[in-house]
Amino acid sequence: MADVCYDAVRPKESAVMDNLTAVFIVVTGIAVVLQMLLLAAMYLLMRETSTRLAALADELKTKALPTIDTANALMTDFRPKLEVIADNLAETTSTVRDQMQRVDATVNDVVDRARLQVIRADDLLSRTLDRVEETSEMVHQTVISPVRQFSGLIQGLTTGIEFLLGNRGRRNGRTREARRPVPQDEMFI
């Protein structure tokens with residue numbers, strides 16, 4: 001009985017298997033057709049892109065290559081001139097650097113000399129002021145002191161003579177308070 005059951009189940013299994021096989025074949029066929037459509041679309045897009053790139057390359061050749069050739073010719077012509085300019089610039093820089101060093105040395109020398117002259121002028125002014133002060137003191141001692149002493153002597157003599165003559169404090173109608181001695185600061189202006 002086991003053999004009977006086995007054979008009875010087998011045809012049903014075979015029918016399901018045949019149905020599944022047909023479904024898988026249909027699905028695989030659809031996938032292959034779909035893949036073929038995608039590959040055909042990719043081919044068409046690539047062919048269109050290739051055509052555009054070829055047109056762009058042709059346009060680039062007609063427009064850019066002459067410009068590149070002209071630029072190359074200009075660079076070939078200008079290269080010696082640029083080298084001369086670079087050499088001149090290097091020489092100019094060197095000359096300017098040397099001149100700046102000379103100017104710097106000259107300015108430093110001028111500043112040092114000016115500093116020395118200022119020191120000399122300061123010393124000269126200090127010595128002059130010292131001498132003026134010494135001279136003023138000497139004039140004070142040699143002129144003002146004797147004049148003061150002489151003035152005191154004259155006043156004493158005048159007072160003595162007035163006293164002897166009897167004017168007693170009057171001289172030309174003035175009193176003694178009116179002819180007060182002149183302060184020392186007012187003697188010399």
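**Charge pairs and a patch**

I started with Asp109 and Arg113, which both sit in helix H1, four residues apart, about one turn of the helix. For helices I took DSSP runs of H or I with at least four residues, numbered from the N terminus. The model is predicted, so I noted that local features need pLDDT of at least 70 and side-chain atom pairs count only at pLDDT 80 or more, while totals for chains, interfaces and linings use all residues. Residues are numbered from 1 along each chain as its sequence is written, and side-chain values use heavy atoms, with hydrogens and water left out.

Next I checked contacts: Asp109 forms a salt bridge with Arg113, with the closest N and O atoms 3.3 Å apart. My rule was a side-chain nitrogen of Lys or Arg within 4 Å of a carboxyl oxygen of Asp or Glu. By this rule I got four salt bridges.

Arg52 pairs with Glu48 at 2.7 Å between the closest N and O atoms. Arg52 is exposed at 56% relative accessibility, and Glu48 is partly exposed at 39% (buried is under 20% relative accessible area, exposed over 50%, partly exposed in between; 1.4 Å probe, protein chains only).

I also found Arg115 and Asp112 in a salt bridge, 3.1 Å from N to O; they lie three residues apart in helix H1.

Last, I noted a negative surface patch formed by Asp130, Glu133, Glu134 and Glu137. Patch residues have over 30% relative accessible area and no salt bridge, with like charges joined within 9 Å. Glu133, in helix H1 (residues 2–165), is exposed at 55%.

Technical notes: Patch = residues over 30% accessible without salt bridge, like charges linked within 9 Å, V, L, I, M, F, W, Y side chains within 5 Å. Areas by Shrake-Rupley, 256 points an atom, 1.4 Å probe, with all protein chains shown as cover. Lys, Arg positive; Asp, Glu negative; His and termini not counted. Charge placed at Lys NZ, Arg CZ, Asp CG, Glu CD. Helix = DSSP H or I, 4+ residues; strand = E, 2+ residues; numbered from the N terminus.
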